[in-house]
Amino acid sequence: LVDGYNSLDSLDTDVDVDIATQSTADSSIVLNSGVTVKGDVTVGVGGDPDTAIKDLGATTGDQLSGIVEESLPQITPPALPDMGVDITATGEIVTIGPADSGQYGNIKLASKNEVGVLEIAGGDVVLYITGNIDVGQLGEIVIKDDSSLTLYIDGDIHCRNNSSINNETPPEDPTNFQLYGTGEKQFFDIKAKSAWSGVIYAPNADIDLYAGGDFYGSIVSNNFELKSGGNYYYD
């Protein structure tokens, strides 16, 4: 199910959600059997919906060709202090807070059979990662309740099996985790053990999202594949 909601008003339940691509190539949007999109499905300007949408038995609103190509501006990371180091956690829990906001090289969590956890706690944290994020098999990035993470990254994100990047208690307000891709060509492999909530804006990134439950938020990307045990709810 692809549906919508309003995190600011729980009584606002009549929210249709359109999904779209700017591409006109064949099978630019793939809708497998049993998928329901509570809104329209739109392909790129001048495209043929009958070929650009590979519909294998989905239920949707209208399937249309776009009228205007939307602009996807690039994001510039904010000016943050250069910490000159990586963020690492191997066999330990590392906690960072608002005072640790800054520019770092890489984030590396867990190694082989050792747990590595990065906790975001104590308020609003802003990180600019100029390299990559590698979350090992037993690694986690956990955004604690009453905290938030705004993350800018130039490189790639790799989450190994049994790893997770997620809020401690996934809220219906996805603004607690905002992820911005700032590189020219990126790949994000993001996993979550339960429901996932967040906002991703990465127009140059190919994104695979694996969630053990429902997804709350929004995504803008170069390519996007949702592999979820639940449904997608756009805020």
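Residues are numbered from 1 along each chain as its sequence is written, and side-chain values use heavy atoms, without hydrogens or water. In this predicted model local features need pLDDT of at least 70, side-chain atom pairs count only at pLDDT 80 or more, and totals for chains, interfaces and linings use all residues.

Trainee: How do the rings of F215 and Y232 pair: stacked, edge-to-face or tilted?
Mentor: Rings of Phe, Tyr and Trp (its six-membered ring) pair if their centres lie within 6.5 Å; planes under 30 degrees apart count as stacked, over 60 as edge-to-face and the rest as tilted. By this rule there are 7 aromatic pairs. F215 and Y232 lie 4.4 Å centre to centre, with 35 degrees between the planes, and the pair is tilted.

Trainee: Which strands hold F215 and Y232?
Mentor: Strands are DSSP runs (E, at least two residues), numbered from the N terminus. The pair ties together parts 17 residues apart in sequence, because F215 lies in strand β21 and Y232 in strand β22.

Trainee: Is Y216 buried or exposed?
Mentor: Buried means under 20% relative accessible area, exposed over 50%, partly exposed in between (1.4 Å probe, protein chains only). Y216 has 15% relative accessibility, so Y216 counts as buried.

Trainee: Which residue lies over the face of Y210?
Mentor: A charge sits over a ring if NZ of Lys or CZ of Arg is within 6 Å of the ring centre and within 35 degrees of the ring normal. At 4.6 Å from the ring centre of Y210, the residue is K191.

Methods:
Helices (H or I, at least four residues) and strands (E, at least two) are DSSP runs, numbered from the N terminus.
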